[in-house]
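Me: I would like to go through the architecture of this protein by question and answer. Please keep each reply brief and end it on the value or name requested.

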Amino acid sequence: MQTNHLHWHENDVPYQARWISEANHPPPKHLTLADDTLPADQAYRLASAGHGLLWRGDFQNARHLLQALMRRLDKGKKRPNKAAPALTPLEQFHRHRMAQAQRAHILNAILIPIQADHQIDLRRAPDVAAACTQVLGQQTEPYVLPLRQLQAFIAAHEWRKKGVLIPALNAHIHPHYGVFSPIRGEYLDLLMQAPLPVNCTSSWDIGTGTGVISAVLAKRGILNITATDTDERALACARENIERLGYARQVQIQQANLFPNAPAASADLIVCNPPWLPAKASSPVEHAIFDAGGAMLKGFLSGVAQHLSEHGQAWLIMSDLAEHLGLRSPDEIPQLIAQHGLAVRQRLDIRPKHGKAFDPSDPLHAARSKEITSLWCLHKA
């Protein structure tokens, strides 16, 4: 998390507040005081030029201004030039990511000042104390953050209360802010279908996130499960979900990079659902999707064989979207499997069910429409 301080003057009085950016963006180089009198076109020009707009007007009008900036960005989208050479899937992906970054840069320009007790001293401001406390904890000084980030805190707070229904569990998983929500459920269907190893009594869930995979494995009757993650938010989220679902006796949560620390030596089943796209993440929650160079995938495959029990299996859950985008060659995963002393016992495939796979207007639709999610059942060669 990027932290620094912003300094400004109002009526010749100096002010200071802590700058908070979950995406680790530096504070804006230029700060402009803004209120209800700022026209949307001028706000768009200032934001495009790198100005942070420190909001001093009505809170709801700040929301309206953000929506106005969105409309201008949507209106400014370039229509495809039919005469121009067609882009490759990889070129389309990089253009899409660049457009996302530029969009975020402009939309994050509207800044909201918040007191140390998480109160907002603006007209018609909502009570955000609970949402901000869940993400930031207690604060000792005023701070400033982008309105879009504040909205993400509020949305995450509501998702955490409401939860996400997981049909495989017939129960809800409650994601925390910054922990990827299991809204894509097809890989959980694969987890329920795959035959467990014979006499499977122990399992490891590598990169547990919300703990949903551990919960599914516990529901399937595995009595001794160790779930690992490196992220503090993910660990807290997994613990809360496992306890709420009544699986605390079966599942132990451990902070570890990939495989559990000693004294655990081996397991009958080791499951990993690493980030699917070997590209750089631009925000904390994106680390569940993007992993530069595919480091977690390679780390898992390079070390899992030595941790499997005699008749144990490793289950690797991966989408082939990276292959369709040109981010990974089609033979890379099979080569990594063979290279590290593993063999494929079985592979289960499923088509995605999420909306983007069926949305022709999505910039990556050509690749998404071909996507398959697979569960690779691996064993020692």
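Me: How do the residues of the lining of the largest cavity divide into nonpolar, polar and charged?

Reply: The model is predicted, and a search of the whole structure finds one cavity of 30 Å³ or more. Its lining consists of Ala131, Gln134, Val135, Phe153, Ala156, His157, Arg160 and Tyr177. Counted by class, the lining residues are five nonpolar, two polar and one charged.

Me: Which helix gives the most to the lining of the largest cavity?

Reply: The largest cavity holds about 40 Å³ of space. At least two lining residues come from each of helix H4 (129-136) and helix H5 (147-162). With four residues, the greatest contribution is that of H5.

Me: Which are the edge strands of the open sheet of seven strands?

Reply: The sheet has mixed pairing and the order S11-S10-S9-S12-S13-S15-S14. An edge strand here pairs on one side only, and this applies to strand S11 (251-255) and strand S14 (342-350).

Me: Which residue in S11 stands opposite isoleucine 225?

Reply: Strand S10 (residues 224-229) and S11 run parallel and are joined by five bridges. Across this pairing, isoleucine 225 faces valine 251.

Technical notes:
Residues numbered from 1 in each chain as written. Predicted model: local features only at pLDDT ≥ 70, side-chain atom pairs only at ≥ 80, totals over all residues. Heavy atoms only, no water. 1 Å grid on protein atoms, 1.4 Å probe; cavity = no way out; pocket = protein on both sides within 12 Å on 5 of 7 lines; lining within 4 Å. Points joined across faces, edges and corners; volume = space filled by probe spheres on them. Nonpolar A, V, L, I, M, F, W, Y, C, P; charged D, E, K, R; others polar. Pairing = 2+ DSSP bridges.
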